[in-house]
Amino acid sequence: MLEYVTEAIVLDKVDLGELDSRVYLFTRDFGKITAKIKSGRKIISKLASHTEPLNLVTVRIVDKNSPQLIDALISKKGIPGKTFFKIAALVRDISPEGQSDRNLWELLISLIGNGAEAGDFIKVLKILGFDPARAKCNNCLKGSPDFFSIKDLIFYCKTCYAG
């Protein structure tokens, strides 16, 4: 059984069963971690408010068969906004599990303090290896694409983008 204590940004939290939750974290030391929170949805849960998306928290994770979040203490609340939630979803869906990335960590920390703007989404794409400046539309091969599909991991121009 391994135990980790590290800083993390809560990317997302989803319901799991009747009382449990699954939390997606991006940690300073271990990159993205998906952990279970047992009884995290109980009204008396000590973890419920600390594990809200976009919070910067210090977490304790125990990994026996799969990671489980045991403790969390909020350090700073993120400034919610549509762009920041898109960035969190992008990091949750694309970043590899268990691989630390200091550049991405530093960018996400700065966004917690200052809020996110549209240009920050492009910065995250670049860090994750999807540089729009070097990309082409997947359908027509036109340069300077306008959209990125997280689901398909490809770029589209305005003409080819279906939504």
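The following questions and answers walk through a predicted model of one protein chain.

Residues are numbered from 1 along each chain as its sequence is written. In this predicted model, local features need pLDDT of at least 70 and side-chain atom pairs count only at pLDDT 80 or more, while totals for chains, interfaces and linings use all residues, and side-chain values rest on heavy atoms, with hydrogens and water left out.

Reader: In what order do the elements of the chain run from the N terminus on?

Author: Helices (H or I, at least four residues) and strands (E, at least two) are taken as DSSP runs, numbered from the N terminus. By that rule the chain has 3 helices and 7 strands. Read from the N terminus on, their order is β-β-β-β-β-α-α-α-β-β.

Reader: What radius of gyration does the chain have?

Author: The radius of gyration is taken over C-alpha atoms, and the globule rule is 2.2 Å times the number of residues to the power 0.38. The C-alpha trace spans about 55 × 30 × 30 Å along its principal axes. For 163 residues a compact globule would have a radius of gyration near 15 Å, and the value for the chain, which agrees, is 17 Å.

Reader: What percentage of the residues in the chain are buried?

Author: Accessible areas come from the Shrake-Rupley method with a 1.4 Å probe, and for residues only the protein chains shown count as cover. The chain exposes about 9200 Å², of which carbon and sulfur atoms supply 50%. A residue is called buried under 20% relative accessible area, exposed over 50%, and partly exposed in between (1.4 Å probe, protein chains only). Of the 163 residues in the chain, the buried share is 39%.

Reader: Among contacts between residues at least 6 apart in sequence, what percentage join residues at least 24 apart?

Author: Contact here means heavy atoms within 4.5 Å. Among contacts in the chain between residues at least 6 apart in sequence, the share that joins residues at least 24 apart is 51%.

Reader: Which residue in E4 is the bridge partner of threonine 6?

Author: Two strands pair if DSSP finds at least two bridges between them. Strand E1 (residues 2-16) and strand E4 (residues 56-63) pair in the antiparallel sense, over 8 bridges. Within E4, the bridge partner of threonine 6 is valine 59.

Reader: Which residue in E5 stands opposite aspartate 63?

Author: E4 also pairs in the antiparallel sense with strand E5 (residues 67-76), over 8 bridges, and a hairpin joins E4 to E5 through 3 residues. Along this pairing, arginine 60 stands opposite aspartate 71 in E5. The residue of E5 opposite aspartate 63 is proline 67.

Reader: Which residues does leucine 153 touch, not counting residues up to four places away in sequence?

Author: Leucine 153 lies in the loop between strand E6 (147-149) and strand E7 (154-156), and its phi is near 60 degrees, a positive value in a residue other than glycine. At 38% relative accessibility, leucine 153 counts as partly exposed. Apart from residues up to four places away in sequence, leucine 153 touches Ile94, Phe130 and Phe148.

Reader: What is the relative accessible area of leucine 141?

Author: Leucine 141 is found in the loop between helix H3 (118-127) and E6. Phi of leucine 141 is near 65 degrees, a positive value in a residue other than glycine. Leucine 141 is exposed, and its relative accessible area is 59%.

Reader: With which residues is glycine 113 in contact, leaving aside its neighbours within four places in sequence?

Author: Glycine 113 has its place in helix H2 (residues 102-114), and at 34% relative accessibility it counts as partly exposed. From glycine 113 to serine 66, 47 residues apart in sequence, the C-alpha to C-alpha distance is 31 Å. Leaving aside neighbours within four places in sequence, glycine 113 is in contact with Lys76 and Ile79.
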